[in-house]
Amino acid sequence: MSTAETTAGAVRPSSRAVRLRRSPVGRLFTKLPFWLLILVIIIYALFPFYWALRSAFTPDPELFSTPIQYFPSHPTWKHFDDALSSSFFRHALLNSTIVAGAVTLISLAIGSVAAYALGRFRFRGRSFVLYLMLSMTIFPQIAILGALYTMFSGFHIVWFLHFPKLYDTLWALIFSYLIFTLPFTIWVLTSFMRALPADLEEAAYVDGATPLQVFWKVLLPLIAPGLVTTGLLAFIAAWNEYLYAVSFIQSPGHYTVPVAIVSFVGKTSAFQIPWGTWMAATVIVTLPLIAATLILQRRILAGLTAGAVKG
Amino acid sequence: MSTVATPAPVPKRRRRRTKLQRRQTRLGWLLLVPALAVVAFVAIYPLGKSVYQSFTNQEFLAGLEPTKWVGLDNYRTLWHDTIFRDTVVLTIKFTAITVSFEFVLGLIIALVVNSSFKGRGVMRAVMLVPWAIPTVVAAKMWQWMLDDTYGVINDMGVRTHILSHPHAWLSEPATQLAAVSAVDIWKTTPFVALLLLAGLQVIPNDLYEAASVDGANKLQQFWRITLPLLRPAILVALIFRTLDALRVFDVFSVFFGNRLGAQSMAVYAQGTIVQDGHVGYGATVCVAIFLIISLFVVIYVTFMRVTEE
C-alpha cells in the first residue's frame with residue numbers, strides 16, 4: 001500500500017496541531033475541559049458522602065431549617081454521641097463484626113484448600129468444579145430465601161441427624177453468607193495459585209515434603225497478598241448484606257449494621273426523623289470500610305478484576 | 001532448583017507419572033470435599049427445596065393448614081398475579097435504565113482515567129468509595145438528599161432554576177423509578193468504570209500510534225480500535241450488572257418498603273415469604289425470578305457466541 005503518501009499527508013496537519021497544543025495558551029485550552037471533567041467525576045463520587053458528613057455535624061435546628069446551609073456553621077459531635085450511646089447500634093456493630101469476621105475466616109480456610117486443589121493439581125472434573133463455582137458467583141440469593149427460611153426452623157437431615165434451629169441467630173447469617181463469599185474466594189484464590197511458578201513446589205517435593213506441607217509452608221505464604229484481598233472483599237460483602245439479615249433476624253439485639261441503620265430510631269424526638277443521628281451512624285459504619293479500601297486499593301482492584309474479567 | 005527433579009529414565013518416569021496422576025486425582029478431590037459440601041448444603045440443596053416448595057401450599061406458621069402437594073396451582077396463580085407482573089415490568093425498566101447509564105458513564109470515566117495524568121492513583125481510589133459503601137447506607141444517604149423539604153437536591157434544583165418547585169421524589173409515582181435508579185447508578189458506575197479501565201489498560205499503545213500515523217482521528221480510533229478490543233470487558237461488565245440489577249432488593253426495600261406499585265421482584269418475593277409467611281407461593285415467585293434471570297444469561301451467552309464468529 002502507499003504508506004509513504006498517507007504518512008506524508010497526515011504528518012503536516014498533525015504537527016501543526018501539536019505545535020499549537022504545546023504553546024502555553026493551547027495547553028491550557030486543551031487541558032481545561034479534561035480537568036473540569038475530572039473535577040465533575042470527583043464531586044459526583046464524593047458529594048453524597050460529604051453531605052452525610054455535613055449533616056452529621058450540623059445541629060438539629062440548622063439541619064431542619066431552610067434555606068439549606070452547605071457547611072455547618074456550628075459543628076457538633078452530638079449526633080455521633082447519640083448514635084454511639086445507643087446500645088442497639090453498638091450491638092449491631094459487634095454483631096456485624098462477628099458475622100463478617102467468621103464468614104471471612106471460614107471462606108478463606110475452606111477456599112484456600114480448594115484453590116490449592118484447583119490451581120496446582122491436574123485431574124478430571126477440575127474444570128467442572130471451576131465452572132460450578134463460577135455459576136455460584138452469579139447465583140441469585142433470592143432464589144433460595146424460602147428454603148433457607150424453613151431450613152433455619154430446624155429439621156431432620158436423616159433420622160439421627162438434626163439440623164439445629166438457627167432462625168434469629170447469627171449462625172443463620174454466617175451459614176447463609178457462605179453462599180456468596182465461598183465461591184468467589186475459591187475463584188479468585190485459584191487464579192492466584194495458578195500464577196505461582198512450579199519450581200518452588202518441586203524443590204520442596206524433592207526435599208521430601210508432603211503435599212500438605214507444601215501447601216502450608218510454601219504456597220500459603222506466597223499467596224498471602226491474595227488472601228488479604230479476597231478476605232477484605234468477602235468481609236465487605238458480608239458486612240453490607242441486607243436481604244438475608246432482614247429476613248432471618250427478628251430480635252433487635254441480633255441486628256447487623258444494615259438492618260440497624262434502616263430501623264434506627266434515635267432519641268431526638270418522636271415527630272422529627274433523626275436524620276442527623278442517622279447520618280452520623282452511616283459515617284461511623286462506612287469510615288472503616290473506606291479507610292481499608294483506600295489503604296488496600298491496589299490489591300482490591302487486582303482482586304475485583306481477577307474475579308470478574310477472567311470470567 | 002528444578003534441574004534436580006528432571007534426570008530420570010524415560011519408562012520409569014512415565015509409570016511414575018500415571019501413579020502420581022492417580023494420587024493427584026485422589027488428593028485433589030479430597031481437598032475439595034469441604035468446599036463442595038458447603039456449596040451442596042448452602043446452595044444446591046436449598047435450590048432443590050425451593051423448587052419442591054413451589055409445588056406445595058406450605059405456610060411458615062405450620063398448623064394453620066397441613067402442607068400438601070398442589071401441583072401447578074401456584075404457577076397458575078402466578079400467571080394471573082398482576083402484582084407480580086407489575087414487579088417484573090418495574091424491575092426490567094430499572095435494569096434497562098441503570099445498566100445503560102452505568103455503561104455509558106462508566107465508559108466515559110474509564111476513558112478519562114485511562115489517559116495518563118498526575119493524580120490518576122488518587123482518582124482510582126476516589127472511585128472505590130461509592131463501591132465500598134453498603135447499599136443500604138447509600139440508600140439512606142440519598143433518601144436524605146432527596147428529602148422533600150430539607151433535601152439538598154431540591155435545594156440545588158430550585159436555586160439553579162432547573163426545578164420550578166421542590167419534588168417529593170420518593171412518593172411521586174413519576175419520579176420514584178428515577179430516584180432508585182439514581183442511587184444504583186451512583187453506587188455502581190465507578191465499579192463498571194474500573195472493570196472497563198482494566199480492559200482498556202490491556203490494549204497495546206502501538207495500535208493507537210500506528211493508527212494516528214495512518215491518519216485516523218480520535219473518533220475513528222475509538223470506533224475501530226478501542227471498542228472492538230474492549231468488547232470482552234464490556235460484555236462481562238454488562239452481564240454482571242444486568243444480573244445484579246434484576247435481583248435488586250436493598251434500594252427498593254429502603255425507599256419504598258412493600259409499597260404497592262414500587263416493588264422489585266425480590267422485594268415481592270421476600271414480602272410473600274417473610275411478611276406473609278406464604279412459603280409455598282413465595283417459592284414459586286423465587287423460581288420464576290430464577291428463570292427470568294437465567295433467560296437473560298442465556299440471551300447474553302448466545303449473543304456472545306454469535307458475535308464471536
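Buried means under 20% relative accessible area, so D155(B), with a relative accessible area of 14%, counts as buried. This is a predicted model. Chain A and chain B bury about 8700 Å² between them, and the structure holds eight salt bridges over all chains.

**Contact between chain A and chain B**

- The contact takes in 102 residues of chain A and 88 residues of chain B.
- Of the roughly 8700 Å² buried between the two chains, 81% is on carbon and sulfur atoms.
- Helix 2 of chain A supplies 16 residues, the largest share of the side of chain A that touches chain B.
- Between chain A and chain B there are 10 residue pairs in polar contact, counting pairs with both residues at pLDDT 80 or more.
- The number of salt bridges between chain A and chain B is zero.
- The size of an interface is often given as the accessible area lost when the parts come together.

**Nonpolar surface patch**

- A nonpolar patch on the surface is formed by L37(A), Y44(A), F101(B), V104(B), L105(B) and I108(B).
- Together these residues have about 490 Å² of accessible area.
- Two elements give two or more residues each to the nonpolar patch: helix 2 (24–57) of chain A and helix 3 (82–114) of chain B.
- The most, four residues, comes from helix 3 of chain B.
- Y44(A), one of the patch residues, sits in helix 2 of chain A.
- Y44(A) has a relative accessible area of 32% and is therefore partly exposed, since that value falls between the 20% and 50% cut-offs.

- Side chains of opposite charge can pair when their charged atoms come close.
- D73(B) and R76(B) form a salt bridge in which the closest N and O atoms are 3.2 Å apart.
- Both D73(B) and R76(B) lie in helix 2 (residues 73–79) of chain B, where three residues, about one turn of the helix, separate them.
- D73(B) is partly exposed, at 39% relative accessibility.
- R159(B) and D155(B) form another salt bridge, with 3.0 Å between the closest N and O atoms.
- R159(B) and D155(B) are about one helical turn apart because they are four residues apart in helix 6 (residues 152–159) of chain B.

**Salt bridge between helices, and a network**

- R241(B) and D184(B) meet through their side chains in a salt bridge, at 3.1 Å from N to O.
- This pair links distant parts of the chain, 57 residues apart: R241(B) is in helix 9 (residues 218–246) of chain B and D184(B) is in helix 7 (residues 173–200) of chain B.
- Both partners are buried, R241(B) with a relative accessible area of 5% and D184(B) with 12%.
- A network of salt bridges links R241(B) and D184(B) with E102(B), D244(B) and R247(B).

**Two single residues**

- R23(B) is in helix 1 (residues 10–53) of chain B and is partly exposed, with a relative accessible area of 47%.
- R23(B) and L195(B) are 172 residues apart along the chain, and their C-alpha atoms are separated by 39 Å.
- N95(A) belongs to helix 5 (residues 87–120) of chain A.
- N95(A) has a relative accessible area of 7%, which means that N95(A) is buried.
- Apart from neighbours within four places in sequence, N95(A) is in contact with L170(A), G253(A), H254(A) and Y255(A).

**Chain A as a whole**

- The secondary structure of chain A consists of 15 helices and two strands.
- Chain A has 311 residues, of which 52% are buried.
- Among contacts in chain A between residues at least 6 apart in sequence, 71% join residues at least 24 apart.
- Chain A exposes about 15000 Å², with 70% of that area supplied by carbon and sulfur atoms.

Terms used: Residues numbered from 1 in each chain as written. Chains lettered and ligands numbered in written order. Heavy atoms only, no water. Patch = residues over 30% accessible without salt bridge, like charges linked within 9 Å, V, L, I, M, F, W, Y side chains within 5 Å. Areas by Shrake-Rupley, 256 points an atom, 1.4 Å probe, with all protein chains shown as cover. Salt bridge = Lys/Arg side-chain N within 4 Å of Asp/Glu carboxyl O. Buried < 20%, exposed > 50% of the residue type's maximum accessible area, 1.4 Å probe, protein only. Contact = heavy atoms within 4.5 Å. Buried area = accessible area lost by both parts, 1.4 Å probe. Polar contact = N/O pair within 3.5 Å; in protein donor to acceptor, adjacent residues only side chain to side chain.
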